Amino acid sequence: MAISASAAATPWEAVSADEVAELLGAASVRWWLSGGAALDRWLGRSIRERSNIDVSVVAGDLATLVANLPEGFSAWAPSGEEDEIVPFADAPSDADLQPVLIRDDAKNAWVLQVNAEDGAPRAWVYKRDPRLTLPWDRAVIDIDGIPTGAPEVQLVWKALRPRPEDTTDKDAVLPQLDAQAVTFYETALLRIHPHSTWAIHVRSPFAPAKSSWNRKKS
């Protein structure tokens with residue numbers, strides 16, 4: 001009989017970005033910091049307190065990443081039942097095996113969340129809509145030796161149904177993006193997530209934060 005557990009029943013003791021690199025160092029597949037952890041690392045400061053830390057990997061590489069975890073760490077995946085998780089090896093083959101939670105077994109604490117994304121050999125592909133792509137060297141950047149998801153990509157992920165804390169992240173990061181990144185972000189909102197509350201300021205010429213294509217040239 002497969003062992004199962006509730007994800008909420010285990011506390012979090014999130015590791016640092018450097019500890020993530022050590023934890024995943026034996027895996028030969030591409031992985032990268034994602035979500036809020038990526039935004040904080042790119043910005044060079046913590047925007048707000050975060051309860052966990054995320055990394056991403058291409059879905060086809062997920063099993064290899066898990067197989068190369070150090071001794072003393074285990075991976076758990078959704079079972080298909082609400083909030084129920086099972087050891088990664090016991091997860092049903094037809095389940096969406098994400099997010100995968102990595103546990104420090106000695107501490108009985110979650111230390112890392114692994115998200116499965118899409119990608120091709122030459123480009124990152126947005127899992128929610130394959131029309132949105134970026135070359136890997138733009139989608140994942142190196143920051144002091146740690147592969148980090150580009151901030152404009154992380155904002156697109158957050159844009160579908162942004163929570164107040166996601167808006168806090170956006171307001172800290174968006175003013176710091178260069179023109180190329182802003183264009184990617186705004187185009188993605190209009191094309192992929194036009195109903196996002198964040199898209200209002202992009203598509204409306206009367207909104208305070210005008211989109212890059214709607215600003216008057218000085």
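User: Hi! How much space lies in the largest pocket?
Analyst: Happy to start there. This is a predicted model, and its largest pocket is lined by 19 residues. The space in that pocket comes to about 500 Å³.

User: Which residues of the lining lie nearest the centre of the largest pocket?
Analyst: The lining of this pocket divides into four nonpolar, seven polar and eight charged residues. Of the 19 lining residues, those nearest the centre are Asp-54, Asn-115, Arg-128, Trp-157 and Lys-158.

User: Which element gives the most to the lining of the largest pocket?
Analyst: Three elements each supply at least two lining residues: strand 3, helix 5 and strand 7 (109–119). The one that gives the most, with four residues, is strand 7.

User: Thanks! How many helices and strands are there in the chain?
Analyst: Let's take the whole chain for a moment. Of its 218 residues, 46% count as buried. Among contacts with a separation of 6 or more, 62% are between residues 24 or more positions apart. As for the elements, there are eight helices and eleven strands.

User: What does helix 7 reach from its first C-alpha to its last?
Analyst: Helix 7 covers residues 179–191, which is 13 residues. At 1.5 Å a residue, the expected span is 18 Å, and the helix comes close to that. From first C-alpha to last, helix 7 reaches 18 Å.

User: Which helices do the buried residues of helix 7 pack against?
Analyst: The buried residues here are Ala-181, Val-182, Phe-184, Tyr-185, Glu-186, Ala-188 and Leu-189. They pack against strand 8 (123–125) and strand 9 (133–135). The helices they pack against are helix 4 (136–139), helix 5 (151–158), helix 6 (164–173) and helix 8 (200–203).

User: What covers the buried residues of helix 2?
Analyst: In helix 2 (residues 35–43), the buried residues are Gly-35, Gly-36, Ala-37, Ala-38, Leu-39 and Asp-40. Just after the helix, Gly-44 takes a positive phi of about 85°. The cover over the buried residues includes strand 2 (31–34), strand 3 (54–58), strand 11 (146–149), helix 5 and helix 6.

User: Is Asp-40 buried or exposed?
Analyst: Asp-40 is found in helix 2. Its relative accessibility is 14%, and the cut-off for buried is under 20%. Therefore Asp-40 counts as buried.

User: Which backbone nitrogen does the side chain of Asp-40 reach?
Analyst: Leaving aside neighbours within four places in sequence, Asp-40 is in contact with Arg-45, Ser-46, Ile-47, Arg-48 and Arg-50. At 3.0 Å, its side chain reaches the backbone nitrogen of Ile-47.

User: Now for the loops. What phi does Asn-108 have?
Analyst: Asn-108 sits in the loop between strand 6 (100–104) and strand 7. With a relative accessible area of 39%, Asn-108 is partly exposed. Although Asn-108 is not a glycine, its phi is positive, at about 50°.

User: And is Asp-144 buried or exposed?
Analyst: Asp-144 lies in the loop between strand 10 (140–143) and strand 11. Its phi is positive, near 55°, in a residue other than glycine. Its relative accessibility is 69%, where exposed means over 50%, so Asp-144 counts as exposed.

Terms used
Residues numbered from 1 in each chain as written. Predicted model: local features only at pLDDT ≥ 70, side-chain atom pairs only at ≥ 80, totals over all residues. Heavy atoms only, no water. Expected span 1.5 Å × (residues − 1). Buried < 20%, exposed > 50% of the residue type's maximum accessible area, 1.4 Å probe, protein only. Contact = heavy atoms within 4.5 Å. 1 Å grid on protein atoms, 1.4 Å probe; cavity = no way out; pocket = protein on both sides within 12 Å on 5 of 7 lines; lining within 4 Å. Points joined across faces, edges and corners; volume = space filled by probe spheres on them. Nonpolar A, V, L, I, M, F, W, Y, C, P; charged D, E, K, R; others polar. Polar contact = N/O pair within 3.5 Å; in protein donor to acceptor, adjacent residues only side chain to side chain.
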